[in-house]
Amino acid sequence: QVQLVESGGGLVQAGGSLRLFCGASGSILRFRAMGWYRQEPGKQRELVARISGDGSTNYADFVKGRFTISRGSAHNTVYLQMNSLKPEDTAVYYCNLVLSHPAGGTNDYWGQGTQVTVSS
């Protein structure tokens with residue numbers, strides 16, 4: 001059983017910073033990628049940033065230059081440093097873990113989500 005625990009969300013003024021943390025526990029085998037998605041009410045969940053097993057990263061265009069994703073010293077952890085936050089960054093942020101399945105394909109695991117609210 002894989003579980004993801006998130007922390008670090010909260011309320012911040014525009015231009016401020018927050019740092020999100022996600023830790024994965026359980027049977028973490030065949031790590032593929034770990035990252036963050038976000039979802040606003042009534043909208044689809046969208047990728048924010050992701051880091052792969054080889055350390056490569058990819059970011060949504062709307063966060064490039066402002067957000068940085070990194071893995072912790074415990075490789076089943078990931079951080080999202082969010083700087084220069086904007087009101088439009090307000091959303092629930094979800095941690096995502098992707099593991100390769102031995103029979104092929106991948107399995108996705110999700111955290112409960114952490115609210116980020118940016119006031120103008």
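Student: Is Y37 buried or exposed?
Tutor: This is a predicted model: local features need pLDDT of at least 70, side-chain atom pairs count only at pLDDT 80 or more, and totals for chains, interfaces and linings use all residues. Residues are numbered from 1 along each chain as its sequence is written, and side-chain values use heavy atoms, without hydrogens and water. The cut-offs are under 20% relative accessible area for buried, over 50% for exposed, and partly exposed in between (1.4 Å probe, protein chains only). Y37 has 15%, so Y37 is buried.

Student: How many aromatic pairs does a search of the whole structure find?
Tutor: Rings of Phe, Tyr and Trp (its six-membered ring) pair if their centres lie within 6.5 Å. Searching the whole structure gives a count of two.

Student: What kind of pair do F21 and Y79 make?
Tutor: Planes under 30 degrees apart count as stacked, over 60 as edge-to-face, and the rest as tilted. The ring centres of F21 and Y79 are 5.3 Å apart. Their planes stand at 55 degrees, so this pair is tilted.

Student: How many residues apart in sequence are the parts that F21 and Y79 tie together?
Tutor: Strands (E, at least two residues) and helices (H or I, at least four) are DSSP runs, numbered from the N terminus. F21 lies in strand β3 (residues 18-25) and Y79 in strand β8 (residues 77-82). The separation is therefore 58 residues.

Student: What kind of pair do Y37 and W110 make?
Tutor: Their ring centres are 5.0 Å apart. Their planes meet at 70 degrees, so the pair is edge-to-face.

Student: Which strands hold Y37 and W110?
Tutor: The pair ties together parts 73 residues apart in sequence. Y37 is in residues 31-39, strand β4, and W110 is in residues 106-110, strand β10. The strands are therefore β4 and β10.

Student: Which residue's charged end sits over the ring of W110?
Tutor: A charge counts as over a ring if NZ of Lys or CZ of Arg is within 6 Å of the ring centre and within 35 degrees of the ring normal. Here the charged end is 4.7 Å from the centre. It belongs to R45.
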